[in-house]
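Colleague: I'd like to learn how to read a sheet, strand by strand. Could you walk me through one?

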Amino acid sequence: MTITIRPEQPADSAAIFDLTRLAFATAAHSAGTEQFIVGALRDSGRLSLSLVAEEGGRLLGHVAFSPVTLSPAAPGWFGVGPVSVLPEHQGCGIGSRLMRHGLEELRRRGAAGCVLVGEPAFYGCFGFVQAAPLLLPEVPPQYFQALAFQGPLPAASVAFDPAFFATA
């Protein structure tokens, strides 16, 4: 399998919508809105980094990165998500490749760090740790994770973009 990781192109949006919908269709902790989140981030201009995994012209996976707001203010922080891989290709390392490539690109751009809500056992392999002293209200602390690229984690409340509340 020869997979290429590349930036999203305008013609990819429909395929990203479909693969994200399929990727989360049976996920235990999904609200079924992940595909709408990506679209809302794109439409609002807040999709800072959008990468796809492609093989032979077919999109197999996608990862989105968007700015988050910290209060008190700390610039340069991004949220990860959603990370989507077609069900028949999950467990093959595609999501990990997308994450590594995206995190490397954010570092190259001078980002301060990333936060996400996700499974600690999976995201820990990329250096994510429980986010305290960062806080995301109403999310169990063990699932809110952070990775600082520069310096220690700041003490702040985090807000993801309003696109994360998109339902259609």
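Colleague: Let me start with a hairpin. In the hairpin of strand 2 and strand 3, which residue takes a positive phi?

Modeller: Keep in mind that this is a predicted model. To read a hairpin, look at what lies between the two strands. Here there are two residues between strand 2 and strand 3, and G56 has a positive phi near 55°. Next, look at the pairing: strand 2 (residues 49-55) and strand 3 run antiparallel, joined by seven bridges. One of the pairs is E55 with R58 of strand 3.

Colleague: And how many bridges join strand 3 to strand 5?

Modeller: Six, and these two strands are antiparallel as well. There, G61 has V85 of strand 5 as its bridge partner.

Colleague: Is strand 3 largely enclosed or open to the outside?

Modeller: For burial, we count residues under 20% relative accessible area. Nine of the 10 residues of strand 3 are buried, so the rest of the structure largely encloses this strand.

Colleague: Which way do strand 5 and strand 6 run relative to each other?

Modeller: Strand 5 (residues 77-85) and strand 6 (residues 113-117) run parallel, with three bridges between them. F78, for instance, is partnered with C114 in strand 6.

Conventions: Residues are numbered from 1 along each chain as its sequence is written. This is a predicted model: local features need pLDDT of at least 70, side-chain atom pairs count only at pLDDT 80 or more; totals for chains, interfaces and linings use all residues. Side-chain values use heavy atoms; hydrogens and water are left out. Two strands pair if DSSP finds at least two bridges between them. Helices (H or I, at least four residues) and strands (E, at least two) are DSSP runs, numbered from the N terminus. Buried means under 20% relative accessible area, exposed over 50%, partly exposed in between (1.4 Å probe, protein chains only).
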